[in-house]
Amino acid sequence: MKVLFVGDVTARPGQRVLARHLPDIRGEYDWVIVNGENAAAGKGLDRKSYRLIREAGADLVTLGNHAWDKKQVYELIETEPIIRAANYPPGTPGRGWWVLERGGFRLLVVQVMGRVYMEPLDDPFRTVDRILEEVPHDAAIVEIHAEATSEKYALGFYLDGRVAAVLGTHTHIPTLDAGFLPKGTAIQADVGMTGTYRSIIGGEVESFLGRFLTGRPHPFRSAEGPARFVATELVFEGARVRAISPYQWEEPWRGEGIE
Ligand SMILES: [Fe+2]
């Protein structure tokens, strides 16, 4: 069993490289999970970006702190295979977990959001405990959408031996730590961004830099440039991950303004 987890698809470059590359490799995987919280113009998920992600080959789309930025998500999340963080308060639209099923094998995918330098939500640790207990499954992947690597590793060690993998998202910069915790859970602090790295986490350099130089808010504009498809591959053996490998593919780039 092979699963590909694609890091935060961001704005037009992210959409473009996903549509260009995922169909070529889709056949190698049993399931493809895509974080799409920044897919629409860099923030949120709308109908058009959701369609593009699904047509490229995703089985499940996950969100994050920008989950609610586009109004269309409220409708999509009721009917489509989309999850938002499970530790939003009770009564939040949509759901925080999903079970992918094939040949009797049930892969539970849960997303939680961290609380360090993020909007405070319910306890992500106990939220995962509850879901693991309540939802029948054969293996589980937990995505932690969070800023702090410390919090991501704290959750990893908390779940070590109980879930197949803990994968971080949100910072948009892939980390080089993909490996295993002592009891066998695979971990990576951040899968990274599918989008252009000629940017500041997907945003146009000038607009982002302005915030740092002036201390005042600047309008967000998403960047354009050569895009990278960034993901993490998980090879399963039964309920456990046998191999975890970061995966990258960079689109051929012919110059500014040419797509
Ligand atoms: Fe995020």
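**Entry 1. The six-stranded sheet**

I started with the open sheet, in which 6 strands stand in the order S5-S6-S7-S8-S10-S9 with mixed pairing. I count two strands as paired if DSSP finds at least two bridges between them. Helices (H or I, at least four residues) and strands (E, at least two) are DSSP runs, numbered from the N terminus. The edges are strand S5 (97-102) and S9, each of which pairs on one side only.

The model is predicted, so I take local features only at pLDDT of at least 70 and side-chain atom pairs only at pLDDT 80 or more, while totals for chains, interfaces and linings use all residues. Residue numbers start from 1 along each chain as its sequence is written.

I then looked up S5 and strand S6 (residues 105-113), which are antiparallel partners over 6 bridges. Within this pair, Trp97 stands opposite Val110 in S6. Helix H4 (residues 124-134) packs on the sheet and touches S5, S6 and strand S7 (139-145). The direction of H4 makes about 160 degrees with that of S6. Axes here are lines fitted to C-alpha atoms, for helices over the stretch in contact, and angles run from 0 to 180 degrees between N-to-C directions.

I also noted helix H5 (residues 149-159), which lies across S7, S8 and strand S10 (186-188). H5 runs at about 170 degrees to S8.

I checked burial next (buried: 20 or more other C-beta atoms within 10 Å of the residue's own; exposed: 12 or fewer; partly exposed: in between; C-beta atoms placed from the backbone). In S2, 5 of the 5 residues are buried, so the strand is largely enclosed by the rest of the structure. Trp31, Ile33 and Asn35 point one way from S2, and Val32 and Val34 point the other way.

Strand S1 (residues 2-6) pairs with S2 in the parallel sense over 4 bridges, and Val3 stands opposite Trp31. The chain goes from S1 through H1 to S2 in a right-handed β-α-β crossover. Right-handed means that, with the strands pointing away from the viewer, the path from the first strand over the helix to the second runs clockwise.

On S3, I found parallel pairing with S2 over 3 bridges, with Ile33 opposite Leu60. S2, H2 and S3 make a right-handed β-α-β unit.

**Entry 2. Helix H2**

Which residues of H2 are buried? In this helix (residues 47-56) they are Ser49, Tyr50, Ile53 and Ala56. Seen down the axis of H2, these fall within an arc of 130 degrees, so they line one face of the helix. I take the arc from the directions between the helix axis and the C-beta atoms. Arg51 and Glu55 are exposed on the other side of H2.

The buried residues of H2 pack against helix H1 (11-25), strand S2 (31-35), strand S3 (60-62) and helix H3 (73-79). I call two residues in contact if their C-beta atoms, placed from the backbone, lie within 7 Å. Gly57 follows H2 and has a positive phi, near 130 degrees.

**Entry 3. The core**

I looked up the largest nonpolar core, which has 69 residues. Such a core is a set of buried Ala, Val, Leu, Ile, Met, Phe, Trp, Tyr and Cys residues joined through C-beta atoms within 7 Å. Those with the most contacts inside it are Ile33, Val109, Val110, Val142 and Ala165. Leaving aside neighbours within four places in sequence, the contacts of Ala165 include Ile141, Thr185, Leu234 and Val241.

**Entry 4. Strand S12**

Strand S12 (residues 227-237) is mostly covered, with 8 of its 11 residues buried. S1 and S12 run antiparallel and are joined by 5 bridges; Leu4 has Glu233 as its bridge partner. With strand S13 (residues 240-250), S12 pairs in the antiparallel sense over 10 bridges. In the hairpin of S12 and S13, 2 residues lie between the strands, and Gly238 takes a positive phi near 65 degrees.

Most residues other than glycine have a negative phi. I found His172 with a positive phi of about 75 degrees, in the loop between strand S8 (165-169) and strand S9 (179-180). His172 counts as buried because it has 22 C-beta neighbours inside 10 Å.

Ile201 has a positive phi of about 40 degrees and is found in the loop between strand S11 (195-196) and helix H6 (205-214). Ile201 counts as partly exposed, with 17 C-beta neighbours inside 10 Å.
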